[in-house]
Amino acid sequence: MIAASAVPVITIDGPTSSGKGTISRSVARALGWKLLDSGALYRLVALAGQLAHLDPDDVDGHVSIARRMQVEFQADDTGEERVLLEGEDVTGAVRAETTGQGASRVAVWPAVRDALVARQRAFAEPPGLVADGRDMGTVIFPAAELKVFLTASAEERAARRHKQLISKGSTANLADLSREIAERDQRDSSRAVAPLKPASDAVLLDSTGLAIQQVVARVLALGRERGLWKV
């Protein structure tokens, strides 16, 4: 594998349930690169606030959590992500729908976003980083060598999330998920701070109807075209 710079960065942004997390993990694993799940950071701030019984509107309290919380991303034997907060495995809790809604709320607060910027950029370590989120290419890593904006139809995203929840033993209503996804899309794209949108130089990749392997192959091909690696 030949990198174009000492610490090359790939950003994979997109709306909720677009598959960016799965694709980012697969690409990072294929390359042997570091992984940043930025969405999990916001979810962790929200979750830690819930565990500390903070008022949902307590901005200062959530900023304090964002600055001091100890976070670690790991992978289990199957390659699935494990998220640790203060040394405790909170993977299930951090993926809960209520935590996602909380993350969408705290993400609009400039003070929380500012507190997380430096620690997100610190994830860029050799041999390279795959950064997954909503503003990786526009705000956190604007000079990234490859920026991908991953999309999929709202219907397919709701169906994917429904299948994921059912497979984990959770109850979920497809109609409710569709409504929640539409509401979150509107909230994330219209917020004043770092709204969800593709970077001007991002490659738009619609994953509707595509298998995971097909999307991963496309991202790897984009990197080869830019001379970032030979895999």
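**Entry 1: an arginine.** In which helix is R161 found? I traced R161 to helix α8, which covers residues 154-167. A reminder to myself before going further: this is a predicted model.

I then listed what R161 touches beyond its neighbours within four places in sequence: S17, R95, A96, E97 and L177. I also checked D176, 15 residues from R161 along the chain, and found their C-alpha atoms separated by 11 Å.

**Entry 2: the sheet.** I moved on to the strands. There is an open sheet of five, in the order β2-β6-β1-β7-β8, and the pairing is parallel. Which strands stand at the edges? They are β2 (34-37) and β8 (203-206); each has a single partner strand, so one side of each lacks a neighbour in the sheet.

I zoomed in on one pair. Strand β1 (residues 9-13) runs parallel to strand β7 (residues 146-151), and four bridges join them. In β7, K147 is the residue that stands opposite T11.

**Entry 3: helices on the sheet.** Helix α1 (residues 20-31) packs on the sheet, where I found it touching β1, β2, β6 (129-133) and β7. The direction of α1 makes about 175 degrees with that of β6. Helix α10 (residues 212-225) lies across β7 and β8, and I noted about 160 degrees between α10 and β7.

Entry 4: S38 belongs to helix α2, residues 38-51. With a relative accessibility of 2%, S38 counts as buried. Setting aside residues up to four places away in sequence, I see S38 touching Q120, D132, G133, R134 and M136.

How do α2 and helix α5 (residues 97-106) pack? Their axes lie 8 Å apart, at an angle of about 105 degrees. The range from 65 to 115 degrees counts as roughly perpendicular, so that is the label for α2 and α5. On the α2 side I wrote down Y42, R43, V45, A46, L47 and Q50, and on the α5 side T98, T99, G100, G102, A103 and V106. Sorted by class, this contact of α2 with α5 has six nonpolar, five polar and one charged residues.

Note on methods:
Residues are numbered from 1 along each chain as its sequence is written. This is a predicted model: local features need pLDDT of at least 70, side-chain atom pairs count only at pLDDT 80 or more; totals for chains, interfaces and linings use all residues. Side-chain values use heavy atoms; hydrogens and water are left out. Two strands pair if DSSP finds at least two bridges between them. Helices (H or I, at least four residues) and strands (E, at least two) are DSSP runs, numbered from the N terminus. Contact means heavy atoms within 4.5 Å. Axes are lines fitted to C-alpha atoms, for helices over the stretch in contact, and angles run from 0 to 180 degrees between N-to-C directions. Buried means under 20% relative accessible area, exposed over 50%, partly exposed in between (1.4 Å probe, protein chains only). Angles under 35 degrees count as roughly parallel, over 145 as roughly antiparallel, 65 to 115 as roughly perpendicular and the rest as oblique. Ala, Val, Leu, Ile, Met, Phe, Trp, Tyr, Cys and Pro count as nonpolar, Asp, Glu, Lys and Arg as charged, and the others, Gly among them, as polar.
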